[in-house]
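Q: Hi! I'm new to this one, could you walk me through it?
A: Happy to, let's look at it together.

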Amino acid sequence: MAMMDKNLVKLYRELIHKYRENDFIASIDIGYRVIPGGFDKDECCIAINLNGEDQDFVQSEDRRNPRIQIRSTQVCNHISRRGVKPVRNNRTKRLKKIAPGVSIGFGDTGTLGIFCYDNLNNLRPSLLTCFHVIKSLKKGVPVVQPGIIKDGGTIQQDTIAQYVRRDPHGDSAIARLIGRRAKTDEIFEMGFSIKSFAAAKVGDVLHKSGRTTGVTHAEVSARSLYFRNINKRRVGIPGFKLIPTDGGPREISMPGDSGAIWINQTTMKACGLHFGGEKPSNPNVEFALAQDISHVLKRLNVSLTKPRR
């Protein structure tokens, strides 16, 4: 497997600085080179992913650089209600004991990522998911298990938490648990809990437990910075891209999995918060996108374990 040399990492940082305010750039990756039909895992390069087809938005010296690939983005944020399909499994049922990996939602349907403690509100037990699963800026809106959209949850009977805040520079949010249901820290159908986190590296094989596709595993193909316009401001979200492993499941995520946590089972540490994947118009180009969990926890000011006072 290829190693990323210092010059490539330096170039990656330079390109981020150069293009971070360019609205035509969707993301910049550093990782496996994309080749027809797959990836060359013996060579690392940088990919500049455009929102359109026109490469003129990239300076000529970068278009000529053999260590830089310029591609049209194939990204979907998994945020369309029409994209979340009804599924019938144990995750979409009303559960007496809630757990990471099950269906939740308010404005949309997604996945309960993990339980955490709110450092800004007396360490109140909370749940972490993607903001687009809640899709409301009104503090106190209900988070329902199972999700209202597609999975039949109701506010009257199935509210388990109330929205507290989001990361204004990303796609994550927390909601305060209200104690109506018992809970377990064990991730649904994975049988263990997560209490710490680490950065994902290119080549790592990670697992997630999501509302739609259940437990799947995938390989980290690139470190990434995703650019989004949030509240009329362009922001960069650090994270990584995942692809199917050789011989592994071809479908690694679908709409409704947003909020799931990508985990390194070898180290038992959380690595990322799932928030997107390929466009429905390109189903044969399978990949998943995650935000760095370290960035998410810091931005939301929450802890995975209850800090000692």
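Q: Which strands each supply at least two residues of the lining of the largest pocket?
A: Those are β1 (25-35), β2 (38-50) and β16 (233-243). Strands (E, at least two residues) and helices (H or I, at least four) are DSSP runs, numbered from the N terminus. This is a predicted model: local features need pLDDT of at least 70, side-chain atom pairs count only at pLDDT 80 or more, and totals for chains, interfaces and linings use all residues. Residues are numbered from 1 along each chain as its sequence is written, and side-chain values use heavy atoms, with hydrogens and water left out.

Q: Which strand gives the largest share of that lining?
A: β2 does, with three residues.

Q: And how much space lies in the largest pocket?
A: About 360 Å³. The 17 lining residues include G37, G38, F39, I243 and E286, which are the closest to the pocket's centre. A pocket here is an open set of points on a 1 Å grid over the protein atoms alone, where a 1.4 Å probe fits, with protein on both sides within 12 Å along at least five of seven lines; lining residues have an atom within 4 Å of a point. Grid points are joined across faces, edges and corners, and the volume is the space filled by probe spheres set on the points.

Q: Back to β2, how many bridges join it to β3?
A: Five, and the two strands run parallel. Strands pair if DSSP finds at least two bridges between them.

Q: Why is β3 largely enclosed by the rest of the structure?
A: Because four of the five residues of β3 (residues 68-72) are buried. Buried means under 20% relative accessible area, exposed over 50%, and partly exposed in between (1.4 Å probe, protein chains only).

Q: New topic: is D158 buried or exposed?
A: D158 counts as buried, at 4% relative accessibility. You'll find D158 in helix α4 (residues 155-158).

Q: Which side chain does D158's side chain make a polar contact with?
A: That of R181, at 3.4 Å. A polar contact is a pair of N or O atoms within 3.5 Å; within protein, one must be able to donate a hydrogen and the other to accept it, and residues adjacent in sequence count only if both atoms are side-chain atoms.

Q: Last one, where is P168?
A: P168 is in the loop between β11 (159-166) and β12 (173-177). P168 counts as partly exposed, at 36% relative accessibility. P168 and I230 are 62 residues apart in sequence and 7.1 Å apart in space, C-alpha to C-alpha.
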